[in-house]
Amino acid sequence: MKSGIKKGRDTFVVKILNRQNSTWQGNITWVEGEKSQNFRSALEMLKLMDEALEVSTDVEGGQQ
């Protein structure tokens, strides 16, 4: 039975390099997935985190 809630935790390292137009720009690293990507806004950063967690949940659930 697949649950929508993941029991483990994921770690993100966020480096804020600049603040412009009332938002953040920087780099986010997903430790468990060993991926790093630049972002141009706080919203984009949150979307990257969400995508990483979806991938992580799919892998644990055996869908990939």
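The model is predicted, so local features are reported only at pLDDT of at least 70 and side-chain atom pairs only at pLDDT 80 or more, whereas totals for chains, interfaces and linings use all residues. Residues are numbered from 1 along each chain as its sequence is written, and side-chain values use heavy atoms, with hydrogens and water left out.

Helices (H or I, at least four residues) and strands (E, at least two) are DSSP runs, numbered from the N terminus. The protein has 64 residues, and 20% of them count as buried. Buried means under 20% relative accessible area, exposed over 50%, and partly exposed in between (1.4 Å probe, protein chains only). The accessible surface is about 5200 Å². Carbon and sulfur atoms account for 50% of that surface. Areas were computed by the Shrake-Rupley method with a 1.4 Å probe; for residues, only the protein chains shown count as cover. Contact means heavy atoms within 4.5 Å. Of the contacts between residues at least 6 apart in sequence, 21% join residues at least 24 apart.

Asp10 lies in the segment before strand 1 (12-20). Asp10 counts as buried because its relative accessibility is 19%. Its side chain makes a polar contact with the side chain of Trp30, at 3.2 Å. A polar contact is a pair of N or O atoms within 3.5 Å; within protein, one must be able to donate a hydrogen and the other to accept it, and residues adjacent in sequence count only if both atoms are side-chain atoms. Neighbours within four places in sequence aside, Asp10 is in contact with Trp30, Glu32, Leu53 and Ser56. Asp10 and Glu32 are 22 residues apart along the chain, yet their C-alpha atoms are separated by 6.5 Å.

The largest pocket has a volume of about 200 Å³. Strand 2 (23-30), strand 3 (35-39) and helix 1 (42-61) each give two or more residues to its lining. Helix 1 gives the most, with five residues. The lining includes Phe12, Trp30, Lys35 and Glu51. By class, the lining has seven nonpolar, three polar and two charged residues. A pocket here is an open set of points on a 1 Å grid over the protein atoms alone, where a 1.4 Å probe fits, with protein on both sides within 12 Å along at least five of seven lines; lining residues have an atom within 4 Å of a point. Grid points are joined across faces, edges and corners, and a volume is the space filled by probe spheres set on the points. Ala, Val, Leu, Ile, Met, Phe, Trp, Tyr, Cys and Pro count as nonpolar, Asp, Glu, Lys and Arg as charged, and the others, Gly among them, as polar.

Most residues other than glycine have a negative phi. Asn21 is exposed, at 69% relative accessibility. Glu34 sits in the loop between strand 2 and strand 3.
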